[in-house]
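Please open the structure in your viewer and keep the selection tool at hand.

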Amino acid sequence: MWETIGIWLGAFLTLCIFSFLYKDNPFYKLAEHLFVGISAGYWATLEYHNVFRPNLWDPLTREGRLLLIVPFVFGLMLFSRFTKRFSWLSRWPMALIIGIYAGITIVGYGSGDLILQIRANLLPLYTDHWLTSLNNILLTVGVITGLIYFFFSKEHKGALGAGAKIGIWFLMISFGASFGYTVMSRMSLLIGRVYFLLGTWLHLLE
Amino acid sequence: MPIISSAELQIQSNNEFFPSNTNVKSNPFFKVLFLFLCFLLIDSPLSFAAEDLSESWFNPNRLNMLIFLILFFAVIIYFIQRAKKGKSLFIRRIAGLDAIEEAVGRATEMGRPVLFVPGIEDVNQIQTVAAMIILGNVAKMVADYDTPLFVPICRPFVVPVAEERVKEGYAAAGRPDAYNRDNVRYISDEQFAYAAGVQGIMLRDRPMANLMFGSFFAESLMLAETGFLTGAIQVAGTANIHQLPFFVVACDYTIIGEELFATSAYLSKEPKLLGSLKGSDLAKAIIIGILALGAILETLGITQFTRWFFIE
Amino acid sequence: MRKILEKLESLDRRIIFIFIGLSIAIPLLFPVYTDFSVTAPVEGFYDAIEELSPGSKVLVSCDYDPGSMPELFPMNVAVFHHLFSRGHKIIVMQLWATGTLLAERAMNEVLQEFPDKRYGEDYVNLGFKEGREVVMVSMGTSIPKTFPTDAQGTKLEEIPLMQGVTNFDDITILMNISGGLPGTKEWVLQVQSRYGVKLGSGCTAVSAPEFYPYVQSGQLVGLLGGMKGAAEYEKLVQRPGTAQRGMDAQSVSHIVVFLFILIGNIAYFSVKGKKKRLKVSR
Amino acid sequence: MRREIPIAICFLVGISFILEYFIPHEDVLSIFETIRQWAIIVIAFAYVLGIANLVRINSHVIQRKGRDWPYKIILVVSLFFMITVGIIFDIFGIRLGGIGEGTIFGWVYFHAQYPLQATMFSLLAFFIASAAFRAFRIRTFQASLLAVTAILVMIGRVPVGESLWADFPDFIEWIMNVPQLAGKRAIMIGAALGAISTALKVLTGLERTYLGGE
């Protein structure tokens with residue numbers, strides 16, 4: 001019984017959102033606000049069950065790991081934002097979070113996106129197979145000219161200008177591929193919804 | 001014999017590290033690059049033997065990362081310090097700026113409004129900061145002509161900053177009286193509601209120039225499409241690569257990725273923006289050198305150079 | 001002719017909407033099941049699992065939510081199915097709060113085909129953890145400290161499957177189902193390049209092109225890109241699902257978008273010719 | 001003090017996360033490990049802060065009877081409803097409380113949140129089609145490169161492309177693996193340099209917008 005009610009509710013909400021395609025209207029607004037509310041509530045609940053209880057509260061109260069008071073207090077300090085007088089206190093935990101992400105970014109991008117990507121592009125330009133040679137040449141030229149396009153310390157004239165021009169061609173091909181894949185992604189999402197409406201709700205699909 | 005004479009230095013002071021003189025031998029940048037690449041030709045000490053490192057104080061297999069980080073940090077701090085001391089650092093003018101100018105020019109000629117959309121992220125996001133700098137510049141351009149400048153905004157905290165920039169721009173053009181507060185408006189926090197609001201402005205007020213700079217997501221194509229249909233000249237720029245395809249096809253000119261930050265550094269001349277841009281540029285030049293040299297060496301069958309770029 | 005083209009130029013978008021809706025609904029109602037082959041990145045993903053010795057412990061991080069479910073849920077189900085059918089042990093975790101129930105549902109769906117699989121011995125769900133990249137790096141030193149309990153609140157020490165699992169060294173391979181951020185990119189940067197874990201990715205089509213460099217560089221063992229990737233993988237593991245079912249609709253809708261671009265451009269250039277252009281070019 | 005301490009915290013924590021990468025010593029790792037466990041908790045608080053902020057902003061609107069205020073009531077009520085059935089019911093052991101399939105929480109998720117979010121994103125399919133028809137104009141050589149690649153990928157990536165030309169999928173794989181990869185990699189390297197330099201400025205306190213105004 002509840003399953004059937006649920007499917008009808010889901011279908012109603014799906015149509016509410018689709019009504020935006022005609023124009024903005026109260027049904028869409030209702031659905032949109034419901035969505036924001038439910039997902040925020042969902043998020044808060046998950047934080048409680050999956051982080052606060054297992055990582056903070058239980059070890060602190062049951063196992064007596066008192067050092068955990070430090071992050072607890074830091075976390076609470078964030079809420080000083082809601083007061084005028086003490087809002088500066090919230091900068092401490094903010095600084096902690098920002099510092100962590102900054103450190104992590106430096107290490108992650110430095111290793112994964114720079115050194116390893118550079119290595120993957122150090123390729124022999126002449127090999128036994130003509131296609132491999134061609135591919136390696138294209139990769140080397142493409143990455144180098146692409147980087148030249150994003151080089152701002154010199155006017156794009158002469159050889160540099162030619163390089164940048166070739167670079168932009170590679171960038172455009174790369175954007176084209178992204179466009180094609182984005183179409184695929186968006187259509188999949190709609191397929192999912194039509195599948196729900198025609199299949200799960202109306203039982204029109206076998 | 002000094003590397004560059006003082007007279008040359010003066011001529012080149014606006015173009016240091018990448019001087020326009022083509023004499024490779026006497027160029028300090030190429031010397032540094034050459035020495036660095038020679039260093040990398042030394043056989044790599046990275047071994048990746050499976051040894052227990054739990055008692056040692058340094059992981060030798062990560063030496064390459066250490067060298068890279070120290071070099072890169074040093075370069076960036078160096079350039080920022082130079083910029084702070086007032087030394088001018090050369091950045092080429094981005095063609096996108098001319099596109100903005102032309103679009104605004106056309107709008108003013110026809111007496112139609114200019115629309116500036118600063119993306120949908122908050123004011124502390126780097127792309128929004130860049131957008132605000134460009135906004136100030138656009139305000140300066142339109143101020144002279146009494147052309148209305150509409151700035152619809154998605155995040156409440158962006159409003160005061162945008163107001164400030166527009167006001168400054170008008171003042172810098174000597175027209176503080178032309179500033180109209182109502183034209184910088186908060187629309188909605190909700191992505192699609194915001195997009196619908198901006199589309200409304202495009203259809204109602206028929207701006208001749210749509211300038212979209214900042215962080216855009218799925219709303220990019222909705223905005224670019226409506227703007228295209230109204231026949232406006234559109235110039236867009238974002239570092240969100242996934243949204244660039246839509247801007248490229250529906251806009252007259254698109255500022256791509258890092259160009260957005262280069263544009264803001266060019267306009268603001270702020271040391272920390274200029275410094276990191278120059279630092280990244282130097283790193284890019286070195287990477288280009290590495291890629292070229294690596295490809296040559298690999299072709300010749302010499303692989304020890306490549307071994308520097310393994311990470312365990 | 002000219003009149004028609006002019007009309008097309010100013011066509012109401014709602015008519016376009018109806019077209020695209022139909023281009024998806026009709027093939028779903030009347031499928032023809034066009035056949036397709038399997039591409040290399042998908043094969044890489046499949047082979048990586050095939051090559052594992054039976055009983056390997058595999059970490060599956062399901063980082064997505066309903067926003068990308070039609071693409072990623074079929075992959076998730078197929079990955080679980082593939083792992084169980086090869087006799088591997090599955091450790092599930094999530095970095096996206098709003099997707100936890102989807103991973104649970106995928107598991108429940110697969111369990112109906114493998115009724116003898118026991119929780120705690122053959123699979124375990126560590127649940128969601130906040131902290132994105134911090135969680136990833138933290139697991140590199142200690143998984144039990146990062147996840148003191150599983151999703152149901154059982155301590156990890158009490159779970160047989162988690163015995164002897166301290167960090168990524170004790171995981172044979174990591175399979176990431178990635179809906180965005182945090183996702184495959186972050187796993188590559190923080191875990192693959194740092195701890196050298198083998199990593200496979202099933203991601204949305206939007207992010208797939210961005211991950212091709214990681215496949216070429218060997219940072220990813222394989223890649224399932226979008227619903228097509230999911231369909232190819234379903235074909236390989238011989239478990240037809242919603243991704244394969246959607247392929248006809250995908251074909252037709254792509255053709256319709258292609259025709260839209262074509263007709264739009266014909267109309268544009270024949271009606272207006274080349275209208276005002278900016279002088280500036282790159 | 002109000003600025004110096006946060007900058008010091010940011011610097012120390014950030015540097016420790018970098019050093020950790022280079023120092024494999026057990027004792028050091030265990031210290032860093034503790035910091036990370038703390039970080040997870042503080043980050044979780046930050047998300048709760050965001051949710052609290054959402055409640056605060058919307059309650060203001062409701063109190064002032066601002067624009068769309070009846071909808072804001074729905075937003076706040078549904079938020080607290082989820083917390084009630086997910087947390088309060090669970091604490092007091094009320095039937096169908098807690099999270100997971102088979103609870104009220106799970107039911108609302110699968111029958112409300114899931115269709116809402118999935119449909120919201122599927123709207124983009126319509127928008128992209130409309131944009132393709134009305135704004136995708138091949139006006140320059142560069143745009144034509146983009147368009148040709150996009151169309152090839154769109155057709156070649158789906159089964160119908162393969163039935164037109166058997167090698168179509170291989171050709172698309174080549175595009176993805178060679179020219180498009182080169183473009184993506186150039187962007188990636190540039191973006192990585194940008195990200196690292198921004199992070200460095202944050203660590204050293206040169207960039208402190210996160211501190212906000214005084």
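Select domain 1 and domain 2 of chain B together: in this predicted model, the two domains bury about 410 Å² between them, and 68% of that area lies on carbon and sulfur atoms. On the side of domain 1 of chain B, colour L273(B), L277(B) and K284(B), which lose the most area to domain 2 of chain B and together make up 77% of what that side buries. The size of an interface is often given in this way, as the accessible area lost when the parts come together.

To display the domains separately, select residues 28-88 + 270-307 of chain B for domain 1 and residues 95-267 of chain B for domain 2. Their centres, taken over C-alpha atoms, are separated by 38 Å. Five residues of domain 1 of chain B are in contact with five residues of domain 2 of chain B.

Which side chains form the salt bridge of K284(B)? Select K284(B) and E258(B), whose side chains meet at 3.0 Å, N to O. Across the interface of domain 1 and domain 2 of chain B, one salt bridge is found. The residues of domain 1 of chain B that touch domain 2 of chain B divide into three nonpolar, no polar and two charged.

Remain in chain B and select E101(B) and R93(B), which are joined by a salt bridge of 3.4 Å, N to O. E101(B) is partly exposed, at 41% relative accessible area, and R93(B) is also partly exposed, at 30%.

Next, select E63(A) and K155(C), whose side chains form a salt bridge of 3.1 Å, N to O. This pair crosses between chains: E63(A) lies in the loop between α2 (26-61) and α3 (69-77) of chain A, and K155(C) lies in the loop between α7 (143-146) and β4 (173-178) of chain C. E63(A) counts as partly exposed because its relative accessibility is 39%; K155(C) is partly exposed at 28%.

Turn now to helix α2 (residues 26-63) of chain D, where E33(D) and R36(D) lie three residues apart, about one turn of the helix. Their side chains meet in a salt bridge of 2.7 Å, N to O. Are these two residues buried or exposed? E33(D) has 4% relative accessibility and R36(D) has 0%; both count as buried, because the limit is under 20%.

Finally, select R53(A), D58(A), R62(A) and D90(D), which salt bridges with shared partners join into one network. Over all chains, the whole structure holds 31 salt bridges.

Key
Residues numbered from 1 in each chain as written. Chains lettered and ligands numbered in written order. Predicted model: local features only at pLDDT ≥ 70, side-chain atom pairs only at ≥ 80, totals over all residues. Heavy atoms only, no water. Salt bridge = Lys/Arg side-chain N within 4 Å of Asp/Glu carboxyl O. Helix = DSSP H or I, 4+ residues; strand = E, 2+ residues; numbered from the N terminus. Buried < 20%, exposed > 50% of the residue type's maximum accessible area, 1.4 Å probe, protein only. Domains from an automatic or database assignment. Contact = heavy atoms within 4.5 Å. Buried area = accessible area lost by both parts, 1.4 Å probe. Nonpolar A, V, L, I, M, F, W, Y, C, P; charged D, E, K, R; others polar.
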